[in-house]
Each structure stands twice: as C-alpha cells, then as structure tokens.
Amino acid sequence: MNDDDYSATELGSHWFERPTPEAAPDRVEGEVLRFGPGVTAAALRRAENSPTVVEIWHGTLPGVPAPRPARSRWPWRYGFAAVVLVAVLLFLAWRQYGPGVAVRDVTVSAPGHRLGCDGTADVVGRVRTDGRPGTLVYRWERSDGTRSGALREKLARGQKEASLHLLWTFQGPGTHQAVARLVITSPGTHSSAATFTYDCG
C-alpha cells in the first residue's frame, strides 16, 4: 500500500480502548436489570441511560444502622393541657359540691328603749358567714318558755350575712324583762341573745 495514497476517514474499532465494566448486574431477568449492594455510580449511570427498565434495590447496606423514627411528642403536649383541664374541673366541682356555708359570728339586737303598751319588738339576729352557698337551720327561744320550730334561711354564693327577724308582741299592763335567743343548729351550733323591757303602767 502506498502511504501517499492512503487517507484514513475512520478508525477501526481496535483503535479504541474499551472501558472495562466496573460492576455487572447480579442477574438478568428479561428486560429488567436488578442491582444489589456495591453497585458503583458509573454502573448506575449506564443503567439510567439504558432503554431497558432498571429497578434499583434500595436496601440498607451492611454495617449502616437504619435511622430511628422520630419520637412523637404529642402525649406530652396534650398531657399538660389534660392536667390543666382536670384541675379546673376539680376546682369547679369543689366550689359546687364541696364544703358548704360556715358560720363566723352570730349577734342579736333588740329595741334599746322600753317597749310601750301593746307594742311589738323587732328582734334582729345577724349571722355572718364565709360567703359560701348553703342553708342555715335555726330557731328562736323566748324567755316566756316558747320556742319556734326549725326555720331555714338559704344563702347564695357571696352572701356573707343573713338578717333573721323575730317579732314579739306584748299586750296588757305590766312590766316584763324579755330575753330573745337565736340558736343556729346547722352548720354547727351557735347562739346569741338580747334583752329588752316591756313596760305598760
């Protein structure tokens, strides 16, 4: 062959150094190539550019621990709200159904002047409480030996004082020193008395 007449328009395939495959697929199943652990990046690029369908195994490589799932914090978040709700409900129940009214003090006042003929004395008993709702049970006792039956006075929440009245009427001539006593029987036992004079000459 004359070198002067030779013109190379393309090189034969033997002029190229073909790259050696860096990794071969584990197995070939028709058109699907399955790659296992240890597949290199170059092999993955070749598989992605290939017209065949490639299924890449996404398992965990040996020696690499699986990530732990994040712990949920919702029990703590809602637990605090539940504790607050229970505390509020207990407080409301205690106010509604807890200890009832408590008596602090009992006083009785009578007319400061002499009561005239056929007069009526207005004896007032004042009961001071702690302001809780409840019912007072009480009776009046008079020095003439009579007493009332059990009487009741209902107190609303926030009411810290109750005024209880005894109207005692006198008739006829004479002079009498009268004593009126208020006795609280519930809650607890409390009493107080007041004295006044009836004078009809």
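Analyst: Happy to! Two strands count as paired if DSSP finds at least two bridges between them; strands themselves are DSSP runs (E, at least two residues), numbered from the N terminus. This is a predicted model, in which local features need pLDDT of at least 70, side-chain atom pairs count only at pLDDT 80 or more, and totals for chains, interfaces and linings use all residues. Residues are numbered from 1 along each chain as its sequence is written, and side-chain values use heavy atoms, leaving out hydrogens and water.

Let's start with β4, which six bridges join to β5 (residues 120–129), the two running antiparallel. Within this pairing, V106 has V127 of β5 as its bridge partner. Both strands belong to an open sheet of three strands, in the order β4-β5-β8, with antiparallel pairing. β4 (103–109) and β8 (161–169) each have a single partner strand and stand at the edges, so one side of each lacks a neighbour in the sheet.

Now for the disulfide, meaning a pair of cysteine sulfur atoms within 2.5 Å. The structure holds one: C117 and C200, with sulfur atoms 1.8 Å apart. The link is right-handed, with 100 degrees about the S-S bond. C117 sits in the loop between β4 and β5, while C200 is in strand β10 (residues 190–200), so the pair ties together parts 83 residues apart in sequence.

As for exposure, buried means under 20% relative accessible area, exposed over 50%, and partly exposed in between (1.4 Å probe, protein chains only). C117 is partly exposed at 44%, whereas C200 is buried at 10%.

Note on methods: Helix = DSSP H or I, 4+ residues; strand = E, 2+ residues; numbered from the N terminus.
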